[in-house]
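Reader: Please show me how to read a few features of a protein model. I would like the general idea before each case.

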Amino acid sequence: MRMGEVMRRLIPPASYVLVLFFLTGIWVTISPFVMTTQPSGQRWIASTTNNVTLGGILMVVSLLGILSFMGFALRDLIREAQAKQAAEQAAQEEAALANS
């Protein structure tokens, strides 16, 4: 299996949506401070608290999705490689028995 194929299986194009959600979570979290809707040096207003909370949740959930998807894909690749190795080993043993 070539490296490009392995990377496509670990990080398919559909998982880029999770990366976009992660980046959106970052923006939602920092937007009250960047757009100066939060008064500087004062207690957080309700909309700032809401943005930071929702942005944090969005970042955590999307990051967990990315990591779990990659973990499951890696597990599948390892199982496939082990099955291929076992099949090759069985074929070698069968060939050795046929030659003797």
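Reader: Is arginine 75 buried, partly exposed or exposed?

Author: This is a predicted model, in which local features need pLDDT of at least 70, side-chain atom pairs count only at pLDDT 80 or more, and totals for chains, interfaces and linings use all residues. Residues are numbered from 1 along each chain as its sequence is written, and side-chain values use heavy atoms, with hydrogens and water left out. Buried means under 20% relative accessible area, exposed over 50%, and partly exposed in between (1.4 Å probe, protein chains only). Arginine 75 has a relative accessible area of 36%, so it is partly exposed.

Reader: Which side chain does arginine 75 meet in a salt bridge?

Author: Side chains of opposite charge can pair when their charged atoms come close. A salt bridge is a side-chain nitrogen of Lys or Arg within 4 Å of a carboxyl oxygen of Asp or Glu. Here arginine 75 meets aspartate 76, at 3.4 Å from N to O. Aspartate 76 is partly exposed too, at 35% relative accessibility. By this rule the count is one salt bridge.

Reader: How do α2 and helix α3 pack?

Author: Two packed helices are described by the angle between their axes and the distance between the axes. Helices are DSSP runs (H or I, at least four residues), numbered from the N terminus. Axes are lines fitted to C-alpha atoms over the stretch in contact, and angles run from 0 to 180 degrees between N-to-C directions. The axes of α2 and α3 (residues 46–99) are 8 Å apart, at an angle of about 160°. Therefore α2 is roughly antiparallel to α3 (angles over 145 degrees count as such).

Notes
Helices (H or I, at least four residues) and strands (E, at least two) are DSSP runs, numbered from the N terminus. Angles under 35 degrees count as roughly parallel, over 145 as roughly antiparallel, 65 to 115 as roughly perpendicular and the rest as oblique.
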